[in-house]
Amino acid sequence: MNKNQIKKIEFLPISVPANNWSLDTCIVKITDEAGRYGIGEADGDPNVLTAFANANSQHKWWQKLTDILIGHDPIEFDANWDLMYESTRWIGMRSFALFAISGIDIALYDLAGKQHDVPVYKLMGGAFRDKVTPYFTLYPNCPSNADPEVALEAYKPLFAKAKEKKIKATKICLMQDSVMTKEQAVNYIRECRKMVGNDIDMMIDPLYRWTDWEEVKWILNELEDVNLYFAEATLPHDDLEGHRKLSQSVKTRICGMEMGTSRFEAEQWLKYSGVSIIQPDYNRCGGLTELRRISHMAEQYSVQVSPHHWKTGITAAAARHFHINNKYTKYVEYLHPDFYDGEVRKNLTTNEVPIIDGYLEKPHLPGLGIDINREYYKKITGKDFDN
């Protein structure tokens, strides 16, 4: 018997009450014949994902996802990915199928890394840089419908900490349920730049509040002197033509595709949207295998890949390996517990990496280099992770 073969695939849902953004996630645990395991996580409702992954097989294109790879070698990433994709084409090929595949794929890299005693970035093709340069998404501790003045006040301690940590780049949000005129949006962003200072690259996330590309053009042109590094989620996600017109009309880099899945959707963005950066999500687009494919495609279009990241320490670890392996992206989004007071983000995993002069160190432990905090896992689920 090959001890590296996959013996078991489990989806482990986690639900924790939250006041704002959801803290729910779905851990994927893959165990080999030797008892070693790898962990990943998938986006979407954790209970729905678990039910989806365990749905009984019906025919060739509708196979039980937790059974498909039993007996396979984790290191055969492309072959394993394509098998999962083809086996779920009848009930997915986008949405929950890709979300579930993403979690499995990340766990395969973690397991293979442990089996072969190498960090994940080596399995992805090697290192193109010696440290991770994150942009830290800063989300203020205030209601989602807070007035601009309230949000700006809540941002002050975050900006102060950003300077203390010597971070190189940060992204600020326009609160998603806050009503702002375009003039108020301009003033809000200007005030953020004043507090951040000019030595830190600043990005903005309007959280899809606009639908008219001409209005966004006016706002970004008004902010030319603010020197924004990029603007994301400026228009509805599927409005590729609006993104194209906007990208051609402003000097600020425009981003998109955080809700997209697979290299096939990425190709549409690369061909038609005109954006400078695409942001496929680790837990949605198909995991690290599909991100590698997307990155190679994006290189030919001279577009950066900076994946969307809003999950736990599992995805944070994947982000570190991705950036070490990714040659053409200056910054990678990072949700760090120093800046985000989310219970699950702070406590679910071990080996959190400290921020040192604005950077994160290159991973060196086998696999993703993290593990599940057993005590916390049992506290929130009532179960033992090792059972």
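A polar contact is a pair of N or O atoms within 3.5 Å. Within protein, one of the two must be able to donate a hydrogen and the other to accept it. Keep that in mind for the next minute. One caution before we start: this is a predicted model.

Let's begin with Asp-201. Find strand β7, residues 201-205, and you have found the place of Asp-201. Which side chain does the side chain of Asp-201 make a polar contact with? The partner is the side chain of Tyr-331, at 2.6 Å. That distance counts as a polar contact because the cut-off is 3.5 Å.

Who else is around? Leave aside the neighbours within four places in sequence. Asp-201 is then in contact with Lys-168, Ala-169, Thr-170, Arg-193, Tyr-229, Lys-330 and Tyr-331. Hold on to two names from that list, Tyr-229 and Tyr-331.

Now, aromatic rings. A pair of aromatic rings is described by the distance of the centres and the angle of the planes. How many aromatic pairs does the count come to? The count is 17. I'll show you two.

Pair one is Tyr-85 with Phe-264. The ring centres are 6.1 Å apart, and the planes are at 25°. This pair is stacked, because planes under 30 degrees apart count that way. Where do the two rings sit? Tyr-85 is in helix α2, residues 77-87, and Phe-264 is in helix α9, residues 262-272. The pair links distant parts of the chain, 179 residues apart. Are these residues buried or exposed, or something in between? Tyr-85 has a relative accessible area of 6%, so it is buried. Phe-264 has 34%, so Phe-264 is partly exposed.

Pair two brings back our two tyrosines. The ring centres of Tyr-229 and Tyr-331 are 5.3 Å apart. Their planes are at 75°, so this pair is edge-to-face. Tyr-229 lies in strand β8, residues 228-231. Tyr-331 lies in the loop between α11 (313-325) and β12 (332-334). The two are 102 residues apart in sequence, so the pair ties those parts together. Both Tyr-229 and Tyr-331 are buried. They also belong to one aromatic cluster, formed by Tyr-135, Tyr-229, Phe-230 and Tyr-331.

Gln-268 is at 35% relative accessibility, so it counts as partly exposed. Again leaving aside neighbours within four places in sequence, Gln-268 is in contact with Leu-240 and Ser-273.

Next, empty space. Rolling a probe the size of a water molecule over the atoms shows where empty space is left. The largest pocket holds about 570 Å³. It is lined by 25 residues, and the closest to its centre are Trp-21, Asp-43, Arg-284, His-308 and Trp-310. By class, that lining has 11 charged, eight nonpolar and six polar residues.

On to the cavities. How many of 30 Å³ or more does the structure hold? There are two. The largest cavity has about 90 Å³ of space. Its lining includes Ser-22, Trp-310, Tyr-340 and Arg-345. By class, five residues of that lining are nonpolar, three polar and three charged. Spot Trp-310: it lines this cavity, and Trp-310 is also among the residues closest to the centre of the largest pocket.

The second largest cavity has about 40 Å³. Among its lining residues are Tyr-208, His-237, Cys-255 and Trp-269. Here the lining divides into six nonpolar, four polar and one charged.

Last stop, two loops. Asp-117 has phi near 60°, a positive value in a residue other than glycine. Asp-117 lies in the loop between α3 (96-116) and α4 (120-123). Its relative accessible area is 57%, so Asp-117 is exposed. Ser-302 also has a positive phi, near 55°. Look for Ser-302 in the loop between α10 (287-300) and β11 (304-305). At 69% relative accessibility, Ser-302 counts as exposed.

That's my tour. Over to you.

Methods: Residues are numbered from 1 along each chain as its sequence is written. This is a predicted model: local features need pLDDT of at least 70, side-chain atom pairs count only at pLDDT 80 or more; totals for chains, interfaces and linings use all residues. Side-chain values use heavy atoms; hydrogens and water are left out. Helices (H or I, at least four residues) and strands (E, at least two) are DSSP runs, numbered from the N terminus. Contact means heavy atoms within 4.5 Å. On a 1 Å grid over the protein atoms alone, a cavity is a set of points where a 1.4 Å probe fits but cannot get out, and a pocket is an open set with protein on both sides within 12 Å along at least five of seven lines; lining residues have an atom within 4 Å of a point. Grid points are joined across faces, edges and corners, and a volume is the space filled by probe spheres set on the points. Ala, Val, Leu, Ile, Met, Phe, Trp, Tyr, Cys and Pro count as nonpolar, Asp, Glu, Lys and Arg as charged, and the others, Gly among them, as polar. Rings of Phe, Tyr and Trp (its six-membered ring) pair if their centres lie within 6.5 Å; planes under 30 degrees apart count as stacked, over 60 as edge-to-face and the rest as tilted. Buried means under 20% relative accessible area, exposed over 50%, partly exposed in between (1.4 Å probe, protein chains only).
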